[in-house]
Amino acid sequence: MTERVLVIGATGNIGVAAVKGALHSGRQVLAIVRNQASANKLYKHAGTSEGITVVEADVTSDTGVKSVVDQVKAGKLPAFQHVYTCVGGEYTDVALKDITTERLRKNMNMGFEANFFAYRDTIDYLYEQNHPDSTWTICTGAQGELAIFGLPAMTQGPLFSMTTAASRENEKTNVRVNEVYLMFRVEVDEDAAAHGVSSSTEFASVYEGILSNPAIRGSRVRVASSEDFKDLKWAKKF
Ligand SMILES: NC(=O)c1ccc[n+]([C@@H]2O[C@H](COP(=O)([O-])OP(=O)(O)OC[C@H]3O[C@@H](n4cnc5c(N)ncnc54)[C@H](OP(=O)(O)O)[C@@H]3O)[C@@H](O)[C@H]2O)c1
């Protein structure tokens, strides 16, 4: 049976890398998108639609991911054994004093809550599948500690604790929980070329490395330079 990865945030810079890594590893993808335009964006950046099933849902709502899992359970969508989440909010520099309550809540919803729902509403399904080497992976960033851009930094902070808690809870389950801690900018290939940063295609090998190595469990995979794309550096989260 071909394994499949549910990717939440699939149409972004990191999501495209997760999709590429999953496909290159011989797996298929179930990608949650917000609309058809986002699906087309994904196909364009991934360079293919083969092996990718898309489903529309609002991942920022607390019923969005759950509705997708319910459709999988009902046999309306294909089964998955792995989850990768990377929903993100604004990547922008704004002084804390200028962040309105509405803007703060919107960014915490996109940057933190959506990734929390991506754990809470998929983990029982991964247990039920009982695949011997399931994985649940999240991408966080150094911005969360450096806080050069305060707004995205604040949404990263709780993801660190959430992933440590999830790592503890899954130390003895069939699911390997891991955090990719990315310390520099990665963008979809055409933006990366325009901006002189690393590309989703280059970063894809990090996910492939996690999928293929059962020793990486409850860990932070630290990506500090492009040398870490293929030679993974990881350490237990607790
Ligand atoms: N890129 C980096 O270099 C980097 C480095 C370190 C950490 N990270 C972290 O990785 C995560 C993703 O970053 P990214 O660069 O891939 O972000 P991105 O390109 O902005 O992508 C964000 C994803 O979230 C989705 N999304 C955002 N708001 C949404 C909403 N209201 N409703 C539905 N979907 C929504 C986007 O969908 P649409 O495509 O439909 O807009 C997209 O799939 C973030 O948590 C970020 O902090 C990124």
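The expected span of a helix is 1.5 Å times one less than its number of residues, and this rule is used in the first of the views below, which are taken from a predicted model.

**View 1. Helix α9, its span and its buried residues.** Helix α9, made up of residues 200-212, has 13 residues and reaches 19 Å from its first C-alpha to its last, which is close to the 18 Å expected at 1.5 Å a residue. The buried residues of this helix are Ser200, Phe203, Ala204, Val206, Tyr207, Glu208, Gly209, Ile210 and Leu211.

**View 2. The largest nonpolar core and Val29 within it.** This core has 59 residues, and those with the most contacts inside it include Val7, Ile8, Val29 and Tyr207. Helix α1 gives the most to this core, with seven residues. Leaving aside residues up to four places away in sequence, Val29 touches Arg4, Val5, Val7, Val19, Ala22, Leu23, Gly51, Ile52 and Thr53.

**View 3. The residues around the ligand.** Of the 25 residues around the ligand, those that come nearest are Thr11, Gly12, Asn13, Gly88 and Gly141. The elements that give two or more residues to this shell are the helices α1 (13-24), α2 (36-46), α4 (101-120) and α7 (150-169), together with the strand β5 (134-141). By class, the shell has ten nonpolar, twelve polar and three charged residues.

**View 4. Gly196 in the loop between α8 and β8.** Gly196 is found between α8 (189-195) and β8 (198-199), and this residue counts as exposed because 8 other C-beta atoms lie within 10 Å. The C-alpha atoms of Gly196 and Arg185, which are eleven residues apart along the chain, are separated by 9.6 Å.

Key: Residues are numbered from 1 along each chain as its sequence is written. This is a predicted model: local features need pLDDT of at least 70, side-chain atom pairs count only at pLDDT 80 or more; totals for chains, interfaces and linings use all residues. A residue is near a molecule or strand if its C-beta atom, placed from the backbone, lies within 6 Å of it. Helices (H or I, at least four residues) and strands (E, at least two) are DSSP runs, numbered from the N terminus. Ala, Val, Leu, Ile, Met, Phe, Trp, Tyr, Cys and Pro count as nonpolar, Asp, Glu, Lys and Arg as charged, and the others, Gly among them, as polar. A residue is buried if 20 or more other C-beta atoms lie within 10 Å of its own, exposed if 12 or fewer, and partly exposed in between; C-beta atoms are placed from the backbone. A nonpolar core is a set of buried Ala, Val, Leu, Ile, Met, Phe, Trp, Tyr and Cys residues joined through C-beta atoms within 7 Å. Two residues are in contact if their C-beta atoms, placed from the backbone, lie within 7 Å.
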